[in-house]
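These are my notebook entries on one protein model. I set down what I looked up, one topic at a time.

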Amino acid sequence: GAFWSGLVSRLPPRLVAEFLGTFILVVTVGLNVMQGPGNKAAPLSISAALMVMVYCLGDVSGAHFNPAVTLAALLRGADGLTGGDAVGYMFAQCFGGAAGALTYTAVVGKAFALGPAPGYGWASVVLAEALFTFLLCFVVLSVATLRTGRLSNMFGFAIGFALFVGIVAVGGVSGAALNPAVALAIDASHAIKGGSVWAFLPYALAEFIGGAAAALVFAATRGSEMSTAEEKPLPS
């Protein structure tokens, strides 16, 4: 029918974009982490990977690359993003993340566990992941979904550095996944190497809470945007 033909014609490029952007992000995360704590450039490398893919694919899909961002955009009421679209985005992001995890595991021959850093517990992880996923999602909503006043040339820089802030602040607490697709990918690759595959659940819960909170705060600070919200492709 018309619904399905419209969905098929509109979604595939966007899903490919979300798959690819998440894939590159997860590969970059994994390869940096596997170099160990001596890799002081890891936060910048990971943030730059997000930034460049936002610039590359923002005008295709909005460059979410993160189910928490997609949830925030959906709750924000971004025009053109339906519930069905959001589900498609999330599946593409998770598959892209899984492919990225398989890739970095194939490159280095090993994987790493997801969980609290030594000296911290799960309560610290949940709070850290929720707080800085909120920051990332709020920045995306504030610089990439406004009807007026967008950062036409700097949106990718702002989004990338929102991730940088989170990695530096809580990377030593939770690992700073800040993304359910990243958390699932790390856990899945670790499971392939004999580890557990449950740790992503509290991460994902905290991250989705952060995304939902970002949409609520966006509504509280930019209520006029909510009534006629729109999410046009990001400026090139």
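I began with Phe-19, which lies in helix α1. Helices here are DSSP runs of H or I with at least four residues, strands are runs of E with at least two, and both are numbered from the N terminus. I noted that the model is a predicted one, in which local features need pLDDT of at least 70 and side-chain atom pairs count only at pLDDT 80 or more, while totals for chains, interfaces and linings use all residues. Residues are numbered from 1 along each chain as its sequence is written, and side-chain values use heavy atoms, with hydrogens and water left out.

Phe-19 makes a nonpolar surface patch of about 480 Å² together with Leu-20, Val-87, Phe-91 and Phe-95. Patches are made of residues with over 30% relative accessible area and no salt bridge, like charges being joined within 9 Å and nonpolar side chains (Val, Leu, Ile, Met, Phe, Trp, Tyr) within 5 Å. Areas come from the Shrake-Rupley method with a 1.4 Å probe, and for residues only the protein chains shown count as cover. I found that α1 (2–33) and α4 (83–108) each supply at least two residues of the patch. Helix α4 gives the largest share, three residues.

**Entry: other residues of α1**

I next looked at Val-16, also placed in helix α1. Val-16 is classed as exposed because its relative accessible area is 56%.

How many salt bridges does the structure hold? I found one, where a salt bridge is a side-chain nitrogen of Lys or Arg within 4 Å of a carboxyl oxygen of Asp or Glu. Arg-14 and Asp-85 form a salt bridge, with their closest N and O atoms 3.8 Å apart. This pair links distant parts of the chain, since Arg-14 is in helix α1 and Asp-85 in helix α4, 71 residues apart. Both Arg-14 and Asp-85 are buried.

Glu-18 is in helix α1. I recorded Glu-18 as buried and without a salt bridge, the nearest side chain of opposite charge being Arg-14 at 7.5 Å; Lys and Arg count as positive and Asp and Glu as negative, while His and the chain ends are not counted. A polar atom of the Glu-18 side chain lies 3.0 Å from the backbone nitrogen of His-64. Contact means heavy atoms within 4.5 Å, and beyond its neighbours within four places in sequence Glu-18 is in contact with residues including His-64, Phe-65, Tyr-89 and Gln-93.

Asp-187 belongs to helix α7 (residues 180–192). I found Asp-187 buried and lacking a salt bridge as well, with Lys-193, the nearest side chain of opposite charge, 15 Å away. The Asp-187 side chain reaches the backbone nitrogen of Trp-198 at 3.2 Å. Not counting residues up to four places away in sequence, Asp-187 touches several residues, among them Leu-114, Trp-198 and Phe-200.

**Entry: loop residues**

Gly-115 sits in the loop between α4 and α5 (122–144). Its C-alpha atom and that of Asp-187, 72 residues apart along the chain, are separated by 9.4 Å. Leaving out residues up to four places away in sequence, Gly-115 touches Trp-122, Val-125, Val-173, Ser-174 and Tyr-203.

Phe-65 lies in the loop between α2 (42–61) and α3 (67–76). Its phi is near 55°, a positive value in a residue other than glycine. Phe-65 counts as buried because its relative accessible area is 1%.

I found Leu-178 in the loop between α6 (155–170) and α7. Phi of Leu-178 is near 55°, again positive in a residue other than glycine. A relative accessible area of 0% is why Leu-178 counts as buried.

**Entry: the protein as a whole**

I counted nine helices and zero strands. Of the 236 residues, 49% count as buried. The protein exposes about 10100 Å², of which carbon and sulfur atoms supply 72%. Among contacts between residues at least 6 apart in sequence, 80% join residues at least 24 apart.

Methods: Buried means under 20% relative accessible area, exposed over 50%, partly exposed in between (1.4 Å probe, protein chains only). A polar contact is a pair of N or O atoms within 3.5 Å; within protein, one must be able to donate a hydrogen and the other to accept it, and residues adjacent in sequence count only if both atoms are side-chain atoms.
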